[in-house]
Amino acid sequence: MGKSMTVRRLQAWYGQHQVLHNIDMDIEENRVTAIIGPSGCGKSTFIRCLNRMHETHPQARVDGDIRLGDESLFDLDPVDVRRVVGMVFQKPNPFPTMSIFDNIAIGLKLAGIRRSGELRDRVERALRMAALWDEVKDRLAKPATALSGGQQQRLCIARALAVEPEVLLMDEPASALDPISTMRIEELIEEIKQTYTIVIVTHNMQQAARIADKTAFFYQGHLIEMDDTSQMFTKPKDKRTEDYITGRFG
Amino acid sequence: MHQRQAFDIALKELKLKLLHMGGDVQESIRHAVASVLRHDQALAQRVIERDREINRQDHEIEDLCIRLIATQQPVAGDLRRIVAGMRLAVDLERMGDLAVDLAKTSLRLSASPVEEPARRLQGMAEAVDSMVSEGLNAYVNSDAEAARRLAEMDDAVDHDYRLLVEELFADGPDAAETPQQRMLIAFCGRYLERIGDHVTNIGESVLYILTGERSDLN
């Protein structure tokens, strides 16, 4: 089961430039939370803070607290954080020189799983969960780059799921995909939310409306409004949210 | 043209179509009432013929709303305007049908006109006409207060209707009018009362557009 995340007074900087201002957010477990907002509003920085990737930037700085369940992320080793809070990026990024099987197995091996039987089982389970198993089971030794863009993205989701995280962060996971592949990713998100907590950044309003339970609107580094998705898309409270989702800016 | 500008123009077009339809429906109701009060068969016939045009306007507005939903995928205030627009068109179309019912009843009454009871309808018809004006104004001016006032106006129309029915049937078998004439006048009262109810629906749609909240004005 996924865990909840609690964000309090989160601030983030790149050098002198502050990109996030006092963000408070409760991310519910086993729910899909969508982050929307115009380019440069801080939404990608925000989810990069949720698995401490933001700090890998040389001039980046973070202040405030983020808790996964009862634990502060800042009390944990960043490598452990990234195992329990996985990330899928906009562009599918399978390891190009590795086979389909090894793309999944590598994370498991790094986590200390060596027995080939267990590795096979875990790879199969991850591929099944990502709804990719039936399409690749006969060519697991083929290079991952032989897959279509949509399949590569599901492979990346399988790779993230293989290490059994609590939370899955997705940064515009379908923006580079065709409509059918996008639909498969959305169906997949709907299925895996039973097991994981999902936070998704998207520029696609309809996608947020379709898949998210909660939606948060960011603007100029501030969290303007967060509510049930149906509420946000029918009756937003803040005029800036209304103007953004109705296409008046951004 | 920027997509948002094109969408804004389409939303204005929707508003204009609804206002045009609202004006036509109000005129039909006025003519239908006048045909009852003045025993004017030609006017009643015109109301009946004109209903086809009102139905066409309803379909045109529905088509526009469906096209906007399909192509613009509206949300928030835009979505509320479009969904409420469809509901407004349905209420106006039903009001047009009630004007036709009035006109048909007027034709049946004109075979043996009754003066006094028909005159009892006049005050009620004026109150309903004010309601229609107020409902359309509330929509044009996005006026929540005007929309809420419709509830009181509707209460007054309901009261008038009860009085009308009580008076019509208080005289008993010795009344000047036949039972059928009294029944037809009561029907006319009922149609006007129903028009008032549809105007409160218009008020509810206006409030939904403005606040996103559901309300009950009737």
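The legends below describe views of chain A in a predicted model.

Local features need pLDDT of at least 70 and side-chain atom pairs count only at pLDDT 80 or more, while totals for chains, interfaces and linings use all residues. Residues are numbered from 1 along each chain as its sequence is written, chains are lettered from A and ligands numbered from 1 in the order in which they are written, and side-chain values use heavy atoms, with hydrogens and water left out.

**View 1. Overall fold of chain A.** Chain A contains 10 helices and 10 strands (DSSP runs, numbered from the N terminus: helices are H or I with at least four residues, strands E with at least two). Its radius of gyration, 18 Å, is close to the 18 Å that the globule rule gives for 250 residues, so chain A is as compact as a globular protein of that length. The radius is taken over C-alpha atoms, and the rule is 2.2 Å times the number of residues to the power 0.38. Along the principal axes, the C-alpha atoms fill a box of roughly 55 × 40 × 30 Å. Of contacts between residues at least 6 apart in sequence, 66% join residues at least 24 apart (contact: heavy atoms within 4.5 Å).

**View 2. The annotated span of chain A.** UniProt, in an unreviewed entry, lists residues 5-245 of chain A as "domain: ABC transporter". UniProt positions are given in the numbering used here, feature names are shortened, and annotations may be inferred rather than shown by experiment.

**View 3. Helix H1 of chain A.** Helix H1 covers residues 43-50 and has 6 of its 8 residues buried, so it is largely enclosed by the rest of the structure. Buried means under 20% relative accessible area, exposed over 50%, and partly exposed in between (1.4 Å probe, protein chains only). The buried residues of H1(A) are A:Lys43, A:Thr45, A:Phe46, A:Ile47, A:Cys49 and A:Leu50. Across chain A, 53% of the 250 residues count as buried.

**View 4. Surroundings of A:Glu71.** A:Glu71 belongs to strand E5 of chain A, residues 71-72. With a relative accessibility of 43%, A:Glu71 counts as partly exposed. Apart from neighbours within four places in sequence, A:Glu71 is in contact with A:Ile66 and A:Leu76. A:Gln90 is 19 residues from A:Glu71 in sequence, and the two C-alpha atoms are 28 Å apart in space.
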